[in-house]
Each structure stands twice: as C-alpha cells, then as structure tokens.
Amino acid sequence: MLDELSYAANDPMRTYRAKRDSARKRVTDKYTILGFISSGTYGRVYKAESKDDRVVHAIKKFKPDKEGDVVTYTGISQSAIREIALNREISHENVVALKEVILEDKSIYMVFEYAEHDFLQVIHHHSQTLRTGLSMPLLKSLTYQLLNGLLYLHNAHIIHRDLKPANILITSAGVVKIGDLGLARLTYQPLQPLFAGDKVVVTIWYRAPELLLGAKHYNKAVDIWAVGCVVAELASLRPIFKGEEAKLDSKKNVPFQKDQLLRIFEVLGTPHEREWPGLKDLPEYQNMKRLDYYENHLLEWCKSRLRPQQGVDLLQKLFIYDPDRRLTALDALRHPWFQEDPIPAKNVFQSVPASQIPPPRRITHDEAPSMVPVAAANSQTHAQIAQAQAQAAAHLSQQFMGSHPLSQQSGRAGSVASFASLSGGTAAGGSGHPRKKTRMG
Ligand SMILES: Nc1ncnc2c1ncn2[C@@H]1O[C@H](COP(=O)(O)OP(=O)(O)O)[C@@H](O)[C@H]1O
Ligand SMILES: [Mg+2]
C-alpha cells in the first residue's frame, strides 16, 4: 500500500501532467464571459471578450454524447471532433474562423470569431419587426457570400450537411460566415461511406430529395439544395418546404418522409426519370410513386416573392432534382444574376439604413454559471482527436485545391501538433433548438 502511494507520488507522468495542467491557461484566465448566447444541438455558446485585446468571441462548450436519455462519457462527441479537426484546417473570409481550442477540466471549448447576426435573425427581424421583405441588394449579397463560403468548403472536399439559416452567421461588418461544421464531412476518399454510421443529416426542411428518397450515396449537391431552401426563405421570410418529419419506428427503421416530399412536390412538381435518371434506383422510389402527382409551380411561387427573372432562374437551378445536374457552387457564383445590378456587396448591410439592421444578438446571464465544467474523462479522447485531426490534415494538405479566383482568400493547411496535448471532456446539457437536427436512422 505504502509502496503504491509512494510510486504514485513519484510517477513521472503524473508529475508531468500535473505540471502541464497547472501551466495551461484556463478559459476564464484568457476570456471574460459576457453572457450566454444559445444552446444548440451539440453545445452551449457564450459571448466572451478576450482579456488581451478586448476582442469579442463566441465560445462553444460541448455537450457530452447522449444515447437516448443516457449521457455517455465515452470521450468528446463525434461532432466536436469533426468540428475541431475540420475547422483547424480551413480559413476563408466566408467561413467562421476558429481561433483556438481550450481543454480544461475535461471540457472542450472552441473559441470562434464573433458574428453579431445570423440569417435566421435577419429573417425574423424582417418578418416580425420591419414587416417587409429583404431588399434586393441584401438578399443578393447574402446569397453570393454564402455560395462563396460554400465553394471554398466544397473545393476542400468538405460537405457541410447542415446548412440552414441558424447556422449561417453575419458579422457586424456585414460579412457572411458559414458556421457549425459539427456535421460536416470530408468527401475525398472517405474511409466510410457517407451513409454509414451517421445518424444525423440535415434538418428536414433543408434536406435534399435524394436523401429523402433514401440515397446511400450523396454528394455536395445536398448543400446546394439547402442553399436553394435558404435563398427561398430569405425571399419569402418562411421556410419553403416546411414538412413534418416522420419519426423512427420502434425498430429504429428509417421511415419514408412522405410529408416533406409532398411539400417539395407541391412546389416543384413530382420528379420524373426523364429529368433524373437515377430516380428509379432510389430505395423509396416505389413509395414515392404512390403519392399524388403534382405539376411544377415554382414560377407561381416566385411571383409574389422573388421578382428578378435571373433570381428566379438561379433558384430553379439550385432546385434541380437530379443531384448530378444541380448547379455547383461555382456555377451558381457565375450565374448572370450576380452580374446584373445590384452587384453583390462585400458588406451585405452596405445599402441597409442603420435603423433596419437587425439588433445585436441577445445574451442572457442566468446560464453563465454552467461555464463551470462538469467532470468526466476518457483518455481515448486524445487519440480520437489526434486521429481525426491527422486524417483531416492529410486529406486537406494533399487534396486541397486552394481558392477559386472568385474567392478572396486562399486556403492553408494547419498544424496537427497542437492537438497532442488534448484531453477529453463534457459539458452541461441544455434545451433543444427550435429548428433542430433530426435523426435519420
Ligand atoms: N461565432 C459565433 N458568433 C456568434 N454566435 C454564434 C457563433 N457561433 C454560433 N453562434 C450562435 O450559437 C448557435 C449555436 O451554434 P452552432 O455552432 O450552430 O452549434 P450547434 O451545433 O449547437 O447548433 C448559433 O445558431 C448562433 O446563434
Ligand atoms: Mg447549429
């Protein structure tokens, strides 16, 4: 017994870890927490100010993995690992920048550049306060910058997979920042098929028809579909395809998403093999054929919502059923709509009167105490993160194609080394998001 104790006291690794941990700066040494912003699917987000330079940041603290109602402490969530691994490697004006990752008392904190607004806030502000649609310069600039960020991600072989208004941020300088890479995946030579193992893919209102019809293989085109839904929502101030999600049955079979498909068909018409040759091979094809038949009514839908003919043309092409024929991000950026007046602006709010800019993000203070970490550990996490990080770094440094002439910034490969000292952790839970991600199977 005594031997064991004296061994523990002299264990060089233990001494080393204790020294390392005490040298490590804590979140609250570096940042003043200003308040709580939001509790999303995977984490809680806080507004914080850097003590060094007083720059405001958003700090995301991760929740533990949850299996049903049981919280499991098997290391940090897959979502956190992905988000960190991918975020460390990417840098683009229209993708939210990760400033640093802090590990403290087994909790993981991601420090992001702060964005004062998001697309959902812009939509609410227009529908509830201003009671008018977005101006054309604003709508076009938001769309352009969103596509520009997406082109960068797609060139880096990253599918976002959860594009929706709440995940697309805007800084106070009027720059769009794609956020929430928690569901993003690398598409270049994936080790697993994209379908395997992933329970969660895209909030149902923004989910592409190939996913709704059970496609096992899907690609970047799912993000383009989501962009179409987001643009339509910006133009009309409400979700264009607001379906009810069919829930998993007791055997956890993935149900046929009849209602969501009907919402789409009502506007875009029932898809036909002529325009989408792969349609008949999709698992839900027979179920789909049993639904009522609809004609395409998109032009009518646009009439009172999206005026410019070129804008309508772009939307039509973002909503092409066949994923192989759907516009790519690059095609979309080159669309004539962006070449005609008003030309997209670098500051999306450039032509918006100050009184019409959405108010700053609301923060609350009652949630702030949960920044105090909840202890739980697993040494596997070091390895998990290092592995995911190495994988992402390898893919991206070898395969990254750099920026496109249309985008302003170039890519860079990050370093893996800083992940070596990470340890695992958890965070306090929180309430759900109103437009939450949904499980697929
Ligand atoms: N960089 C940021 N700046 C300001 N607010 C942010 C930032 N990142 C996220 N948020 C806010 O927190 C919410 C949840 O963050 P998100 O990254 O989407 O996490 P989740 O996976 O929990 O949805 C966002 O919808 C947004 O309101
Ligand atoms: Mg989110």
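**Talking through the predicted model**

Modeller: This is a predicted model, and its protein chain has 14 helices and 12 strands.

Biologist: OK, let's pick a residue. Where does R88 lie?

Modeller: R88 sits in the loop that runs between helix 4 (78-87) and strand 6 (98-104).

Biologist: On to ligand 1. Which residues of its shell are the closest?

Modeller: S38, G40, V45, A58 and D180 are the closest, out of 22 residues surrounding ligand 1.

Biologist: Which strands each supply at least two residues of that shell?

Modeller: Strand 1 (31-39), strand 2 (43-50), strand 3 (56-62) and strand 7 (107-113).

Biologist: What's the shell like by class?

Modeller: There are 10 nonpolar, 8 polar and 4 charged residues around ligand 1.

Biologist: How do you know that ligand 1 lies between domain 1 and domain 2?

Modeller: Look at who gives residues to the shell: domain 1 (2-115 + 362-430) does, and domain 2 (117-356) does too, so ligand 1 lies between them.

Biologist: What share of the contacts with a separation of 6 or more comes from residues 24 or more positions apart?

Modeller: In the protein chain, that's 72%.

Key
Residues are numbered from 1 along each chain as its sequence is written. Chains are lettered from A and ligands numbered from 1 in the order in which they are written. This is a predicted model: local features need pLDDT of at least 70, side-chain atom pairs count only at pLDDT 80 or more; totals for chains, interfaces and linings use all residues. Helices (H or I, at least four residues) and strands (E, at least two) are DSSP runs, numbered from the N terminus. Two residues are in contact if their C-beta atoms, placed from the backbone, lie within 7 Å. A residue is near a molecule or strand if its C-beta atom, placed from the backbone, lies within 6 Å of it. Ala, Val, Leu, Ile, Met, Phe, Trp, Tyr, Cys and Pro count as nonpolar, Asp, Glu, Lys and Arg as charged, and the others, Gly among them, as polar. Domain bounds come from an automatic or database domain assignment.
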